[in-house]
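Below is a short report on one protein model.

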Amino acid sequence: AQEFETNLSAATLSLEATPKQLDGLPASYMESHKPGPSGKIKVTTDYPDYFPVLQYAKNRAFALELYKRFDNRAADKNVALLEKLLVARDEKAKLLGYATWADYVLEPRMAQSPKEVAGFLEGLRTHIAKKGDEEMAELRAMHAKLGGKKDDPIFASDRTYLEDRVRKAKYGLDSKEVSEYFEVSKVKAGLLAITSKIFGITFRPASVPKWHADVEPMDVLDGEGRLLGRFYFDLYPRPGKYKHAAVFSIRDTKKMSDGKRLLPIAAIECNFPRPGGEAPALMSHQDATTFFHEFGHVLHHLLSRTETVTFSGTSVARDFVEAPSQMLEEWAWDKSTLALFARHYKTDAPLPAALHEKMLRARGFGRALATQRQLFLAALDQTYHTRKPPFETTPVLAEIQAKYTPFKYVEGTHFQGTFGHLVGYDAGYYGYQWALSIARDLFTRFSAAGLLDPKTAADYRARVLERGGSADADELVRDFLGRPRSDAAYKAFLVGGSAPVAKGPR
């Protein structure tokens, strides 16, 4: 497992592109990607290079080639490692008396069994099937409008590109224009200002050792200036660094024998555009949402007040751990919170109300297709950990992708070798969807009170964040909501339009 992750972290593949092949990319991207002596531009599989190409490049053949490279990072080593890993996990499960590795992993979680997970995934699959068909029909129509043929295959590499054009045509939303209001330094400052305001905490730079010049250590203090915890911003890509976005615990907290608290420490690892270069460091709105998501994990880790390390912070049921971070994503969408940081990188003008309305109207489009992808990933993870090994993982990948998504498997790619969650989440990736259902339910209280309401935030901090895993997740949710959890809010969100707009103070 460690070798799998090391290989993935070290793998950066690339393609050379002519400026014409990158036609459609934002000016800020082209400013930071100058042609070399050959007249060509090096485009890597690192996130800041890769995702803009998929979303904006008019040359879809080039985007597909980069997609193939992306889904083959470390595949030459990791596919064989994964298949060896699945055999070892199955052997361990059998030694411990479990039918499969998934049975072993799921027993202490909210879902408890592969049967429960399978039912949950199938329920969501059927719930969004019609909506997914409708969205796919719109993508096909846009493909034809752009000059494609009706019977052309639509690859997964085309999804965000076609969605972006549908949003622009149908809702008047230009994602490039939106990104001009999300410069990375402003987003970071806004994130700190918002969480400081609602949770009654403050942040200050910490003078402590760090592992790279880019890293920014930050102390977190309570309202009386007492140190609560520390975290490290590690936000920009570099060779050999973790390629995804995540929060890692450096030290968990507990109550010490002298009554004091062991200082919790965490690192937030991302791969956002780096400020200070020739081009402005503009984030997509999706990147900004990811930033809020990951910071939700930071808060969960640092605001813990548990007695023991075992239950501290994010040491909760794995299918609950994403709920607090997924809920915080909504703070990247609301009018009241965006007003605190979403400003134009040149003029400092606030995000226009008309543009925000377009964002909200367009938000619902593509949600079913994006959820289908998440269900595919969850089902792939479950299948790998319930099917009797040894088996070839690539045919299984194609099989599950065909069942859950409308996009064709691209021959010669090995996504499973790049899917790091198979190692870290092993049989638990379904937890993103499970937790998202809970997150939408938790959000109903904030939606009613207002996202900047300190009383609701204080209640949430005391009843959910501070308690970590010291109580069952169902109990935490019930204590905060005053009722048992429900999936009604999530199911409405999946097939509805925009997310509920918070009511209360603006």
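## A buried histidine

His-421 is buried, with a relative accessible area of 14%. Buried means under 20% relative accessible area, exposed over 50%, and partly exposed in between, for a 1.4 Å probe and protein chains only. This is a predicted model: local features need pLDDT of at least 70, side-chain atom pairs count only at pLDDT 80 or more, and totals for chains, interfaces and linings use all residues. Residues are numbered from 1 along each chain as its sequence is written, and side-chain values use heavy atoms, with hydrogens and water left out.

His-421 lies in helix H17 (residues 421-424). Helices (H or I, at least four residues) and strands (E, at least two) are DSSP runs, numbered from the N terminus. Not counting residues up to four places away in sequence, His-421 touches His-244, Asp-426, Tyr-429 and Tyr-432. Contact means heavy atoms within 4.5 Å. Glu-138 is 283 residues from His-421 along the chain, and their C-alpha atoms are separated by 31 Å.

## The sheet

An open sheet of 5 strands runs in the order E3-E4-E5-E7-E6, with mixed pairing. Strands E3 (202-205) and E6 (246-251) stand at the edges, each with a single partner strand, so one side of each is left without a neighbour in the sheet. On average, neighbouring strands are turned by 25 degrees against each other, direction ignored. Axes are lines fitted to C-alpha atoms, for helices over the stretch in contact, and angles run from 0 to 180 degrees between N-to-C directions. Helix H10 (residues 184-199) packs on the sheet and touches E3, E4 and E5. The direction of H10 makes about 140 degrees with that of E3.

Two strands pair if DSSP finds at least two bridges between them.

| Strand pair | Sense | Bridges |
|---|---|---|
| E4 (residues 216-221) and E5 | antiparallel | 6 bridges |
| E5 and E7 (residues 265-269) | parallel | 5 bridges |
| E6 and E7 | antiparallel | 5 bridges |

E4 and E5 form a hairpin with 5 residues between them. Gly-225 in the turn has a positive phi of about 85 degrees. Leu-221 has Leu-227 of E5 as its bridge partner.

Which residue of E7 is the bridge partner of Asp-234? It is Glu-269. Glu-269 is also the bridge partner of Ala-246.

E5 (residues 227-234) has 7 of its 8 residues buried, so it is largely enclosed by the rest of the structure. In E7, 5 of its 5 residues are buried. Ile-265, Ala-267 and Glu-269 are on one side of E7, with Ala-266 and Ile-268 on the other.

## The cores

A nonpolar core is a set of buried Ala, Val, Leu, Ile, Met, Phe, Trp, Tyr and Cys residues joined through side-chain atoms within 4.5 Å. The largest one has 123 residues. Phe-182, Phe-231, Phe-295, Phe-320 and Trp-331 touch the most other members. Apart from it lies another core, of 21 residues, including Ile-41, Tyr-47, Tyr-50 and Phe-70.

Phe-231 has Ala-266 of E7 as its bridge partner. Leaving aside neighbours within four places in sequence, the contacts of Phe-231 include Leu-192, Phe-203, Met-218, Ile-268 and Phe-295.

## A helix pair

Helix H15 (residues 367-384) and helix H16 (residues 393-404) pack at an angle of about 140 degrees, with their axes 9 Å apart. Residues in this contact include Leu-375 and Phe-376 of H15 and Val-396 and Ile-400 of H16.
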